[in-house]
Amino acid sequence: MPKGKTSLSNIETKLAEKRVDLAEVRHMGKNRKRYSRKYYKSAELPPCDYLESDSELQAEEVIKKIYSTKFNLKSSAYISETFTAFKKVQELHPHLQKIDTIVCFGLGHFGWCATSRNQLGFISLIKEYLEIQEVLFQDPVFTPKEAEILKNLGFSVIPGNLEGKFGIDQEKKYLIYLPHCPKQLTNNFLWKNWGTKLSNILLLSNSFSSVLISGSKSNLQIDAGLILKAEEFTEEIPLENNFIYTDVFNDTSIHVFPRDKLEVVPEVLWSERGPEPDA
Ligand SMILES: C[S@@+](CC[C@H](N)C(=O)[O-])C[C@H]1O[C@@H](n2cnc3c(N)ncnc32)[C@H](O)[C@@H]1O
């Protein structure tokens, strides 16, 4: 094992052997503070733990907590129903049987927040279940220590801030995960990949249907114009929010952009994606 790396398999085994403390994810206590507002653009702020600085974060402790949440999730109805939903989608869309890469935007401070840790455990289980090789993360709030933890776990962090405008490789298949992200981020992702290559993507995000009823058409056109346009060809599979902690996976759907639908949309739909969004 390289110097400085944590033995993850040892931690996982130890956690499996002893009774796991569920209390760490009961996170709505009075002693929790909010994320710093400056990091957020438009989404509602979840409550979360508070540490003064990154230097207080103990990487080994965080990794233990991640494995603990993963262990609890593994036996949940939520994860088994999610796996079933993915399998059904893949049966209906066989070209998505083999997903190459997971890209996750907006995970948040998993070093501090149980919600984000559960979402990280969720990604890790999906990676194993669907045998996905590569997992990439980007969130401008990640601290250096959080980025290091992700790397220790075998994941990668995309440097900088793409504002969601991650361009996919046409040859690969993707699972894009945007847990509770601002709709602008999803819209930016669609903008970058607008066209028939969307068929290579499974998009796991806040429900498009919910976004579409969240405001007037004219308001949505300003920051969710492509979610509006995508309504014409999107298939949405809602995931039932039956996890014990109801604010971790609420309002989440798998979205598929089926090839046969994309191939018959009027060409003008692709040419009218609009100018590049700033942010
Ligand atoms: C409402 S929070 C969700 C955090 C966490 N996933 C949860 O469910 O509690 C939205 C997240 O989107 C992130 N975000 C905002 N702009 C972003 C960007 N340009 N790229 C990636 N993530 C971004 C924020 O930093 C924040 O972590």
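Notes on the model. This is a predicted model, in which local features need pLDDT of at least 70 and side-chain atom pairs count only at pLDDT 80 or more, while totals for chains, interfaces and linings use all residues. Residues are numbered from 1 along each chain as its sequence is written.

Overall. I find 11 helices and 9 strands in the protein chain; these are DSSP runs numbered from the N terminus, helices being H or I of at least four residues and strands E of at least two. Of its 279 residues, 35% count as buried (20 or more other C-beta atoms within 10 Å of a residue's own; exposed is 12 or fewer, partly exposed is in between; C-beta atoms are placed from the backbone). I also checked contacts (C-beta atoms, placed from the backbone, within 7 Å). Of those with a separation of 6 or more, 74% join residues 24 or more positions apart.

Sheet. I read the strand order as S5-S4-S3-S6-S7-S9-S8, an open sheet of 7 strands with mixed pairing. Strand S5 (156-157) and strand S8 (235-238) each have a single partner strand, so one side of each has no neighbour in the sheet.

I then listed what isoleucine 123 touches, leaving out residues up to four places away in sequence: Ile102, Cys104, Val135 and Tyr177.

Helix H4. I placed H4 (residues 114-129) across strand S3 (101-105), strand S4 (134-138) and S6, running at about 170° to S3. Axes here are lines fitted to C-alpha atoms, for helices over the stretch in contact, with angles from 0 to 180 degrees between N-to-C directions. Because 12 of its 16 residues are buried, H4 is largely enclosed by the rest of the structure. Its buried residues include Arg117, Asn118 and Gln119. They pack against helix H2 (59-74), S3, S4 and S6. After H4 I noted glutamate 131, with a positive phi near 50°.

Methods: Contact = placed C-beta atoms within 7 Å. Pairing = 2+ DSSP bridges.
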